[in-house]
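Grab a pencil and have a look at the model below. We'll work through a few exercises together, one step at a time.

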Amino acid sequence: MTTLSVRLPDDKHMRLKALASHKKISINKLIEELSTQALAEFDSEVRFRALAASGNTQKGLDLLHKLDDRFNS
């Protein structure tokens, strides 16, 4: 396992600390969960873009728009 130092503004650190406390988890666990979510979203986008490039581009982009709508609502 790797240790990572991250510089954050104090206000953002305090908000993350409050969020972790609200979820009853450590800041470390919170950052792990958030990074897992970000990577899953990225992997999905890459997968769908690859499918769109190898087939019906519009159909692949339509699927991406549906995902964007779901995650941004």
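This is a predicted model: local features need pLDDT of at least 70, side-chain atom pairs count only at pLDDT 80 or more; totals for chains, interfaces and linings use all residues.

**Exercise 1. Work out whether the length of helix 1 fits its number of residues.**

Step 1: Count the residues. Helix 1 covers residues 10–23, and that makes 14 residues.

Step 2: Get the expected span. The rule is 1.5 Å times one less than the number of residues, so helix 1 should span 20 Å.

Step 3: Check the model. The end C-alpha atoms of helix 1 are 20 Å apart, which agrees.

Step 4: Look just past the end. Helix 1 is followed by Lys24, and the phi of Lys24 is positive, near 60°.

**Exercise 2. Describe how helix 1 and helix 2 pack, and say which residues make the contact.**

Step 1: Find the angle and the distance. Helix 1 and helix 2 (residues 27–54) pack at about 95°, and their axes are 9 Å apart.

Step 2: Angles of 65 to 115 degrees count as roughly perpendicular, so helix 1 is roughly perpendicular to helix 2.

Step 3: List who touches whom. Helix 1 brings His13, Leu16, Lys17, Leu19, Ala20 and Lys23 to the contact, while helix 2 brings Ile27, Leu30, Ile31, Glu33 and Leu34.

Step 4: Sort these contact residues by class. You get seven nonpolar, one polar and three charged.

**Exercise 3. Describe the largest pocket: its volume, its lining and the elements that build it.**

Step 1: Start with the volume. The largest pocket holds about 480 Å³ of space.

Step 2: Look at the lining. There are 15 lining residues, and Leu4, Val6, Asn28, Ile31 and Glu32 are the ones nearest the centre.

Step 3: Helix 1 and helix 2 each give two or more residues, with helix 2 giving the most, seven.

Step 4: Sort by class. This lining has nine nonpolar, five polar and one charged residues.

**Exercise 4. Now do the second largest pocket: which helix gives the most to its lining?**

Step 1: Volume again. The second largest pocket comes out at about 220 Å³.

Step 2: Pick out some lining residues. Among them are Glu41, Phe42, Arg49, Leu64, His65 and Phe71.

Step 3: Two or more residues come from helix 2 and from helix 3 (57–71). Helix 3 gives the most, with six residues.

Step 4: Sort by class. The lining of the second largest pocket divides into five nonpolar, three polar and four charged residues.

Key. Residues are numbered from 1 along each chain as its sequence is written. Side-chain values use heavy atoms; hydrogens and water are left out. Axes are lines fitted to C-alpha atoms, for helices over the stretch in contact, and angles run from 0 to 180 degrees between N-to-C directions. Helices (H or I, at least four residues) and strands (E, at least two) are DSSP runs, numbered from the N terminus. Angles under 35 degrees count as roughly parallel, over 145 as roughly antiparallel, 65 to 115 as roughly perpendicular and the rest as oblique. Contact means heavy atoms within 4.5 Å. Ala, Val, Leu, Ile, Met, Phe, Trp, Tyr, Cys and Pro count as nonpolar, Asp, Glu, Lys and Arg as charged, and the others, Gly among them, as polar. On a 1 Å grid over the protein atoms alone, a cavity is a set of points where a 1.4 Å probe fits but cannot get out, and a pocket is an open set with protein on both sides within 12 Å along at least five of seven lines; lining residues have an atom within 4 Å of a point. Grid points are joined across faces, edges and corners, and a volume is the space filled by probe spheres set on the points.
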